[in-house]
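Student: I am new to this structure. Please pick one part and take me through it closely.

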Amino acid sequence: PHTAWPSLHVAGTNGKGSASAMTERALRAAGLVTGRYTSPHLFRVEERIALDGQDVDSAVLTGALTRVFAAVDRLVASGALAAMPTYFEVSTAAAFVVFAEAGVDVAVVEVGLGGRYDATNVITPVAGAITTIDFDHERHLGSTLAAIAGEKAGIAKPGVPLVVGDVPDEAWRAIETAARLTGAP
């Protein structure tokens, strides 16, 4: 389902949610039917998935999760999937199913953790963004700004523009290198 709609991909340490919300709102104001995927949620999992600015309906989410879990069960039984997916992977897949079935014109997808190995990184967006870089999730992303930036720059795709916010020089160099090696302008 992740290929059924154009997307924008947003990574970074801080500001991902705000950038995603503002971008989605601007696209909606331009008359597009939008989807938005963010994490974490505050009160209800439905908050992670928005259609035209509104949290996804519980019944719609339940239907998408039913389809995702059916696919997981088939893949595990066939041996094509060696391990059960994580909560984030399942919720990401469900969001992508919701967007495909709703026929969104565009979805703004926020990275959960890092970028390179994030479940959202299966999309090929029309543009990507890295908002900020600071020390976060060092156990998973590395202990230097360059290492963290390199993980977040893992969303860079060949030929896909990558917009970068105000980041420290060490992070900029890592992002610039990743973009150059990937072919992301």
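**A strand and a helix, up close**

Tutor: Ser7, His9 and Ala11 point one way from strand 1, while Leu8 and Val10 point the other way, and all are buried. In a regular strand, side chains alternate between the two faces of the sheet. Keep in mind that this model is predicted.

Strand 1 covers residues 7-11, and five of its five residues are buried. Now look at its partners. Strand 1 pairs with strand 5 (residues 106-110) in the parallel sense, over four bridges. In strand 5, Val108 stands opposite Leu8. Strand 1 also pairs with strand 6 in the parallel sense, over four bridges. There, Ile130 of strand 6 stands opposite Ala11.

Strand 6 (127-130) leads on to helix 6. The buried residues of helix 6 pack against strand 6, and also against helix 5 (145-152) and strand 7 (162-164). Which residues of helix 6 are buried? They are Ala171, Ala174, Ile175, Ala178 and Ala179. Seen down the axis of helix 6, its buried residues fall within an arc of 130 degrees, so they line one face of the helix. The face turned away from that buried side carries exposed residues: Asp169, Arg180 and Leu181.

Next, check the length. Helix 6 has 14 residues (residues 169-182), so at 1.5 Å a residue it should span 20 Å. Its end C-alpha atoms are 20 Å apart, which agrees. What follows helix 6? Gly183 does, and its phi is positive, near 90 degrees.

Methods: Residues are numbered from 1 along each chain as its sequence is written. This is a predicted model: local features need pLDDT of at least 70, side-chain atom pairs count only at pLDDT 80 or more; totals for chains, interfaces and linings use all residues. Side-chain values use heavy atoms; hydrogens and water are left out. Helices (H or I, at least four residues) and strands (E, at least two) are DSSP runs, numbered from the N terminus. The expected span of a helix is 1.5 Å times one less than its number of residues. Buried means under 20% relative accessible area, exposed over 50%, partly exposed in between (1.4 Å probe, protein chains only). The arc is that of the directions from the helix axis to the C-beta atoms. Contact means heavy atoms within 4.5 Å. Two strands pair if DSSP finds at least two bridges between them.
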